[in-house]
Every structure is written in structure tokens, then in C-alpha cells.
Amino acid sequence: MSQDRTTELLGRVRAAAAARMPINIQGSGSKAFLGRDPVGEPFPVGGHSGILNYQPKELVVTARGGTTLEEIEGTLAKEGQMLAFEPPYFGPGATLGGSIACGLSGPARPYAGAARDFVLGMRVLTGKGETLRFGGEVMKNVAGYDVSRLMTGAFGTLGVLLEVSLKVMPVPAVERTLVQERSAAEAIALMNQWAGRPLPATATCHDGDRLYLRLSGAETSVRQAASVIGGETLSNQGDFWRTKLREQGHGFFQGKKPLWRIALPSATPPLDLLGKWLIEWGGAQRWLRTDLEAPAIRRAAETAGGHATLFRGGDRSGQVFHPVSPALLQLHRNLKQAFDPLGLFNPGRIYPEL
Amino acid sequence: MSQLQPHGPGFQDPGLVARRAELVRELRRFLPPDEILEQEEEVRPYECDGLSAYRQLPLLVLLPRTTEEVQRILQLCHERDIPVVARGAGTGLSGGALPLADGVVLSLARFNRTLDIDPVNRTARVQPGVRNLAISEAAAAHGLYYAPDPSSQIACTIGGNVAENSGGVHCLKYGLTVHNVLAVQLLLMNGELVEIGSQALDAPGYDLLALLIGSEGMLGVVVEVTVRLLPVPERAQVVLAAFDDVEKAGAAVGEIIAAGIIPAGLEMMDGPAIRAAEDFVHAGYPTDAAAILLCEVDGTNQEVSEHIARVRDLLIGAGATEVRTAKDQAERLRFWQGRKAAFPAVGRISPDYYCMDGTIPRRYLPEVLRRTADLSREYGLPVANVFHAGDGNLHPLILYDANKPGELERTEELGGKILELCVEVGGTITGEHGVGIEKIRQMCVQFSPAELQQFNLVKQAFDPKGLLNPGKGVPTPRRCSEYRQLPDRGRGTG
């Protein structure tokens, strides 16, 4: 499906500006559970969709914000390419715009890069009712400030993402997942040892009992690395990394208990916080199911040099994201003012002050 | 060498002399004497950066040693409305560190300590004046390195790399500075210290790190940088392929990438660049070729063997007249030496050369090279092309003689036309050298007035008084409307 709704969206933003009416930008709603409680008039953007340009030989795809990830990844797959940051869908209709606005990345993140690392350019609709283009469709571009990457992970608070250009990568020839029985502390140590060696590692996980390592690349090099590292080969690896982990279908993620995402320097030993843990990203991303209060969790994360996000469940009217320093918050407010002076877009979705 | 004359008042202008004396009095309260350069002969070495066609003596040069000193310098300048131009090694190619007659140059050269190498988390914490290559040297004992490798990596500093979002020949696979920096400590113009990013991934809030990297010293002064380190690949191997036609070489690049191979480096040189480089370093390049490609693959031993075999087949299939795999490490380094020495090599065959830095969607390479050749004939100035083919970053080198009256001006005009051509085919006026002072007019071609206004608002969010590196990077709306009204402007105006 391909539809250019720029004019209509522009008209509606201008009307919202005239009425000083806050709006809640919605793609498919697959990631509505993230961030602080949405407020404002629903502002659907999913209809603005379609792939505009795909150049496999130049590793670039450009699509409108409402294009589904499914359509994009399907198109790339036909040419043996993929989105290397493995964006989580969290729902069948997940859109490109929503995924980039949330800035989430999947299991390959520490090895291949984050969503923002693959963003090359954007066309955005600002709170002043202007459509602006930043970046482009080329790999290297240092003309002007890198506004497209600033928009990535800004949860729509700085603008509506009309078009996004991404770098794409080839699908590796071979993938193989090895499993070893390990404690959390052993797993963290091993993940970091492996990451310091030239191995074709592209994902790691510890689910409480077992350590999983995904190797991707040329056939010979995956085979050689597997023989050095050892462990059982996982038969349904696609299901494990995609459905269980990226899409959080694993039993660990089920139930009502609040889910915290704790980002740490990757080699940090297990934190002494009561709850169930699942470790990803070579130790850099750790999931915690717990009823502990936010301050205790945040203190522990901060002491270890990291930060903690209330990812799912819990009180979504308080501080969901790790608070930033007053000086940094002031910069955030200044930037919000620069792009959305009337405070129309997704107010309070990241921090109450934005 | 002749040069573009500064428009500002001279160093001995009475107003500036008085201002300098007053500022020095204030600075001496907290800076030791050896951190203040105020004599004309002392500040002369700072009059330009790597773009030596532009020169300007600054009001003063300051060489602080500590973050607190930088903080106090900024506070004082903020209070007194004195512009500040931060400077690393001065290797930049777009005049980003060009001084202002009424501003201070803040050199970070003495911030040259590596603070911490963390081999387990694979990060390095360094001061901004540490040289790019020194990071890899310090990490080498742990089998790690810092990936971005601009050609100036022996001299350029990590602080300058952050300001320019520097790349290098390996960035198609390993990314630019923005992909390899985890955190910075930044001083705002008012002297406030902020920590942006962290050793943990994906810091909360807006991605200010991405905004800051490549901001050409206009948003803040970086006083500490944390970078990520990667394991040194087990093996790297390079293939050299010769073509009798530039278009075939360009198509071969697409074939390699479409086959699912992301080379660690993929470089192209055209005939004039090949001959200049061969003449200079005797790399063994085929001097009768219209173009050569250097394709390096790295990874595990087996992976490299597998990929090299496929790359060879693809290159032959794409019509290469000759394909050579480096026999050993010595030959590999020789192949690269020719490429890395391409700029100075061109410098040997011409009194002066001017290096451009556009990026284009690669499918337009034949068109851009053809039209560049047309422009080259029109202006009577030879152009040699060096191309980061993997990522579409083109470096046309314009050969000229600055001693011939008006030739530098014509060279700049030709360069501007080439950049506008890059924009017209959907590319950009700068891939890695930055806008600086050099390409400020072409910003008006690439961006609309509303987009430029948005950049100015971003600048104000960090530096409301506009004191950090003013006049660089982003043009004022007035400057653009003047430029747009010039006769004989290329198409593609945004």
C-alpha cells in the first residue's frame, strides 16, 4: 500500500497548533505501552505509507513513516538484505515511523549497531507545521546537525516522522546458535571474553540457566568458531531470537509483574537486586521482573554506571525513563522548544517536562 | 602562496589591542602565563587549519590544561561576549578551526592523556587532544583498536574527530565517529559541564550525542571522550582490480555489495590519481588503467579466504582487466600506501590542489564524473578523483596554481559547482570534512530556508548567545538569500 498523506497531516498539525491542542501520534499502536501514559487527541499517521526508494546495491531503503516493518523486511528479504538492528515489532502492524521514534533495537544491537546507527535521513513534520528534510540517502553526510538521529528515540516529541531512510545490510550466509549451561556470572564473563575476540558473534542471551550465542557469517568461519566455543546447537534458533527474545514471547516476559530494562557497562557482575533476570546484549542489557521500588533499582543501576527504564507495567504516570541531570533536562527543554514550541507532540511521553 | 584575505580588522587594530590587553589581565588571574599566547608571532601558527587558503589571526590563543580552566575561560568569554573557536590538531579540511579576529582560539592540545583503557568492557576514556591513532596504539596490547581511521589519523585528535564526525577508509563496515563514541563530557558556552551518553548503551532521553558529533564545535567544548574498542580482525586481505572504464569499476562495486559482502574498505581512484600516486610511492599500480579499485575484506581467516575468492570472481565478471591479490602483508600495505598518499601525491604534480568532499548515491557516479570532467574543461583546471566507493564519498582534487591571479577563486567556484552537482543527484556537499567556512554557501543549496532556520534554533538551544565558532557550519538566512540571488547559480536549489 502506498499513500502520500503529507498534505492532510500538515493541515491537521496546523489545526492542532491553532487550537493549542496536544496530539498523541499513533502508528499501529504496537508500542503504546512504552513510555509515560499518552495524552492528547489521537493523531493516526499509519495511512501515510509506502516504500519510496530501495537500492540494494547502495544498501539504502526509504519509506514513509506508516509503512509496516513487515512490508519493508519482506521487500529487503527478496534481495537477501535485512534491517541489521533487528527492530522489535511488538505487534503485527508495527510501522517504520513508530519503530524509529521509539528507537528500539533487537538482539544484534551491541554487535551490529542500534536503530540510530542505521538512520541516514528523514523528512519530518515539526510542531511549527513545516516539513523539513535532514540527512539523506547516503552513508556519509556531515552537512548540518544530525537531526535525523536526534529524532530517533525521541518518541515523536520533536516531530512526526514522514519519511525515513535506513542503511540496510546483507543477510549473513549462515547462522548458528550454541547453548551452554552457565550461571549468570559465568555467562557475563564469557560474553565479554568473546566480544573481545574476532569471532562472528551477533547475539547473546542468558535466560537464568543457559547461555545462548548466535554466530553469523561465512559458512567456514561460523563452523570454525562453533568448534572452538563448543556447546549444543539450538535447532529452532529463529524462533528463539525473534519470537522469544526480540518480541518478548519468552515465558520470562509473561505476567503482570513490572518489567525493567537495565542498561549497564557490559561486564558488570550480576546486580544484587531481588527478582528474575534475563541478560542480553553481551551483558549490556538486562531485564528484571520485580516489585522493588523505582529508586532502589535506579540507584543500583546508576552506581554501576548504567540506567534503568520501567519498560512494561508498573506506574506509567511517574518517571518511566531514567531521569537526566538538571543541566541535561534544560537542553532537552530547549530542543523541544526549537522543534515544537507549542508543545503539541506527545507531551510528557518521555519526561513530564517535555 | 596567495590566499583569501580576511575581512576583519588587523591584529594591531587599536580596538583589538585594547580588548586583548583587558582580556589577558582577566585570564592571568586563573591561567599560568604559558597558557596564554598574545604576541603576533605566537598566534601565527594558529591562523589556519588544514584549509590553508583561509587565514586569520585570532585575538588570543589559550592552551589550558584542566577542565576547570576551560570552564573559567568559557564563563569569562560568555560574560564578555567573546567568540570562542575550539581547536584540536588543526588538520581539518573545511576551515572549521579558522580563528576570528575578535575571538579566542581554545586549543585542546594539552588535553592529551589517555585516562583509562577498559579491556573487559572494551572502551577507552581519553582526553580530546589524544591523537586518533594513539588510541589504537594504547589498546593494541589487549588485541583491541579504535575503528574510525581518517587519513590524518597520525596527527588528528579524537576531539576534532567528534567535532567533524570523521570517517576513514573503513567506515562502510565499521561506521563513522558517531557509531564508535559512547559518551562525552561537554562544557556548554556558559561553562556548565554536562555528561552525554555513558559506558552503558542507549542513554535515556534525546540522542544528544548524535547531535553533538559532527557539530563542528558550535554546540559545546568536549573535554573527555569515551570510545568503544573492537577486537582486531584475525586477518585482512586486499585485492587490486584495474578497469579500462570508470563506469565498469563503479558497477563492480555494486556487484560486490549486492553479493552480500561488506568490504572493510572499498576505494576507487581514477587515471590521474593512479598515475600521481604511482609516481610518488611506487605502489605497483597499473598506470594505464582508467580506474582501479582496492577492495579489502577482513574477519576470521576462513571468512577472508572465502570472500576474497568471491570478490575476485565478481571483479573479473564485472570486466576488470587485471585482478591482483596482495601476496603478503608488505604488498597489502603498499597497495594502501598509494591510496593513503593520494592527496600529497597530487600535491607533487601541481603547485596547489583543492580537495572536495561530496557524497553521491553511487548509481550516479558515471554521470557525476562525466559532468565533473566537463566542468574541469570549462574552467581549464585538471581534476583527479579519489573515491570512497563503498559509501559514495567522492574526493575530487582540483589542481591549480595559487600564484596565478584569480586561479584560487576560480578553483573555489569550480568546487562549488561540483558540490552542487552532488546535491542535484541526491547527495550531499560534505561526506566527512565538514562544512566549516568552506562550504557554507553550498549549505544554501542543500537546505531550504526553513531547514537552515531549524539548524539555527538547534544552535540556540545550546549556545543562545551564538559565541561558539560563529560563522561556521550553518549560514545565516541573509547570507543565503544573497547567495541565491547570484547570477549563474547551478540547478538544484532547495
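# A guided look at two chains

Guide: Let us start with one pair of residues in this predicted model: A:Y54 has A:V61, in strand 4 of chain A, as its bridge partner.

Visitor: How do you know that strand 3 and strand 4 of chain A pair, and in which sense do they run?

Guide: Two strands count as paired if at least two bridges are found between them. Strand 3 and strand 4 of chain A are joined by four bridges, and they run antiparallel. They form a hairpin with four residues between them, and A:L59 in the turn has a positive phi of about 60°.

Visitor: Which sheet do these strands belong to, and in what order do its strands lie?

Guide: In chain A, five strands make an open sheet with the order 3-4-8-6-7, and the pairing is antiparallel.

Visitor: What makes strand 3 and strand 7 of chain A edge strands?

Guide: Each of them, strand 3 (51-55) and strand 7 (131-135), pairs on one side only. As for the angle between neighbouring strands of this sheet, it is 10° on average, direction ignored.

Visitor: How many bridges does strand 7 of chain A share with strand 6?

Guide: Five bridges link strand 6 (residues 119-125) of chain A with strand 7 of chain A, in the antiparallel sense. Across this pair, A:R123 stands opposite A:R133 of strand 7 of chain A. A helix packs on the sheet too: helix 2 (residues 69-78) of chain A touches strand 3 and strand 4 (60-64), and its direction makes about 25° with that of strand 3 of chain A.

Visitor: Why is A:R20 called exposed?

Guide: A:R20 has 9 C-beta neighbours inside 10 Å, so A:R20 counts as exposed. You will find A:R20 in the loop between helix 1 (6-19) and strand 1 (23-26) of chain A. Although A:R20 is not a glycine, it has a positive phi of about 50°.

Visitor: Is B:D81, over in chain B, buried or exposed, and how do you know that?

Guide: The cut-off for exposed is 12 or fewer, and B:D81 has 10 other C-beta atoms within 10 Å, so B:D81 is exposed. B:D81 sits in the loop between helix 3 and strand 3 of chain B, and has a positive phi of about 60° without being a glycine.

Visitor: What does the globule rule say about chain B?

Guide: A compact globule of 494 residues would have a radius of gyration near 23 Å, and chain B has 23 Å, which agrees. Chain B has 18 helices and 19 strands, and 57% of its 494 residues count as buried.

Visitor: Which residues have the most contacts inside the largest nonpolar core?

Guide: They are B:L106, B:I292 and B:L293, in a core of 266 residues. Helix 15 (residues 407-424) of chain B gives the most to this core, with seven residues. Leaving aside neighbours within four places in sequence, B:L293 is in contact with residues including B:A241, B:V253 and B:A389.

Visitor: How many residues does the contact take from chain A and from chain B?

Guide: It takes 70 residues from chain A and 77 residues from chain B. On the side of chain A that touches chain B, helix 11 (residues 326-339) of chain A supplies the largest share, seven residues. The residues of that side divide into 34 nonpolar, 24 polar and twelve charged.

Note on methods:
Residues numbered from 1 in each chain as written. Chains lettered and ligands numbered in written order. Predicted model: local features only at pLDDT ≥ 70, side-chain atom pairs only at ≥ 80, totals over all residues. Helix = DSSP H or I, 4+ residues; strand = E, 2+ residues; numbered from the N terminus. Axes fitted to C-alpha atoms, helices over the stretch in contact; angles between N-to-C directions. Contact = placed C-beta atoms within 7 Å. Core = buried A, V, L, I, M, F, W, Y, C linked by C-beta atoms within 7 Å. Buried ≥ 20, exposed ≤ 12 C-beta atoms within 10 Å, placed from the backbone. Nonpolar A, V, L, I, M, F, W, Y, C, P; charged D, E, K, R; others polar. Rg over C-alpha atoms; globule rule 2.2 N^0.38 Å.
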